[in-house]
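User: I am new to this structure. Please show me how to read its features, step by step.

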Amino acid sequence: MSAMIVAENLSKTYRVGKVDVPALRGVSFTVEKGEFVAVVGPSGSGKSTLFYLLGGLTHADSGRVVIDGEDFTRLSDAQRTQMRKRKIGFVFQKFNLLPTLDAYSNIAIAQDIAGTNSKKDDELFQRIVGMLGIAHRLRHRPAELSGGEQQRVALARALINHPAIVLADEPTGNLDSKNSEVVLDMLRHSKQELGQTVLMITHNPEAAAYADRIIHMRDGQIVPESPL
Ligand code: ADP
């Protein structure tokens with residue numbers, strides 16, 4: 001196995017007025033290639049901050065993030081954006097689909113942005129929408145889709161550029177238990193089919209149970225086990 005995500009001694013403190021709010025206090029872990037890892041912990045434990053650092057969406061005060069052998073923290077903003085487009089697929093709690101575009105365009109837009117809209121990727125497109133069971137819903141806009149379908153479209157968008165990593169932030173937070181099950185099954189299944197590494201943030205133990213391994217956080221640190 002080889003490391004796909006390495007977090008090394010990550011620290012981040014927010015300054016609110018004159019008050020320092022420590023969000024991460026020396027977080028280190030490794031996720032191997034092909035692993036599905038859940039990061040769990042109570043609200044305020046630093047999960048979202050970690051998510052933003054791993055996705056290169058914000059800077060750490062200290063420490064390093066190495067993705068697939070490349071040190072994120074040493075890249076310029078432009079290089080980091082490039083790497084994010086090539087290597088990472090994001091899934092969010094609120095789906096973040098564009099309301100005026102149909103499902104097809106919501107997925108294809110990720111190919112346009114990354115410049116991967118070729119014939120070869122069209123085959124991947126068909127495979128992914130087939131795998132996610134949304135091939136018959138592609139001409140519908142988000143408002144015409146159920147929550148579960150919207151999240152499957154968002155997952156297709158995350159997978160369409162064949163990212164090395166999928167970062168999911170509470171992907172089932174807005175779904176009922178049946179749709180949660182479908183989306184989590186899809187995350188597992190797509191990991192097996194497409195071979196990417198998955199890191200999912202959640203506060204839901206049932207969702208975390210789908211992962212190969214659970215990292216527990218509390219008060220900005222990794223702990224052996226965290227009461228949820
Ligand atoms: P979680 O995702 O586990 O709820 P967060 O990473 O959102 O944890 O928050 C960790 C800590 O950092 C909390 O104390 C939270 O209030 C604080 N925090 C998060 N984001 C900000 C921000 N933008 N400004 C100030 N404090 C923040």
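Analyst: A salt bridge here is a side-chain nitrogen of Lys or Arg within 4 Å of a carboxyl oxygen of Asp or Glu. Glutamate 35 lies in the loop between strand 2 (19-32) and strand 3 (36-40), and arginine 213 in strand 9 (residues 213-218), so the pair ties together parts that are 178 residues apart in sequence. Helices (H or I, at least four residues) and strands (E, at least two) are DSSP runs, numbered from the N terminus.

User: What kind of model is this, and how are residues numbered?

Analyst: This is a predicted model: local features need pLDDT of at least 70, side-chain atom pairs count only at pLDDT 80 or more, and totals for chains, interfaces and linings use all residues. Residues are numbered from 1 along each chain as its sequence is written, and side-chain values use heavy atoms, with hydrogens and water left out.

User: Where do arginine 80 and aspartate 77 lie?

Analyst: First, the general idea. An α-helix has 3.6 residues a turn, so residues three or four places apart point the same way. Now the case: arginine 80 and aspartate 77 both lie in helix 2 (residues 77-87), three residues apart, about one turn of the helix. Arginine 80 is buried at 6%. Aspartate 77 is exposed at 53%.

User: Which partner does lysine 191 meet?

Analyst: Lysine 191 and aspartate 212 form a salt bridge, 2.9 Å from N to O. Lysine 191 sits in helix 6 (residues 177-194) and aspartate 212 in the loop between helix 7 (205-208) and strand 9, so the pair ties together parts that are 21 residues apart in sequence. Lysine 191 is buried, at 10%. Aspartate 212 is partly exposed, at 40%. Salt bridges can also share partners: Glu8, Arg64 and Asp71 are joined into one network this way.

User: In what order do the strands of the open sheet run?

Analyst: Two strands pair if DSSP finds at least two bridges between them. Here four strands form an open sheet in the order 2-1-4-5, with antiparallel pairing. Strand 2 and strand 5 (70-71) are the edge strands, each pairing on one side only. Strand 1 (residues 3-16) pairs with strand 4 (residues 62-67) over five bridges. Glutamate 8 stands opposite arginine 64 in strand 4.

User: What packs on the sheet?

Analyst: Contact means heavy atoms within 4.5 Å. Helix 1 (residues 47-54) packs on the sheet, touching strand 1, strand 2 and strand 4.

User: Why is helix 1 described as largely enclosed?

Analyst: Six of its eight residues are buried, so helix 1 is largely enclosed by the rest of the structure. Among the buried residues are Leu50, Phe51 and Leu54. Just after helix 1, glycine 56 takes a positive phi of about 70°.

Methods
Buried < 20%, exposed > 50% of the residue type's maximum accessible area, 1.4 Å probe, protein only. Axes fitted to C-alpha atoms, helices over the stretch in contact; angles between N-to-C directions.
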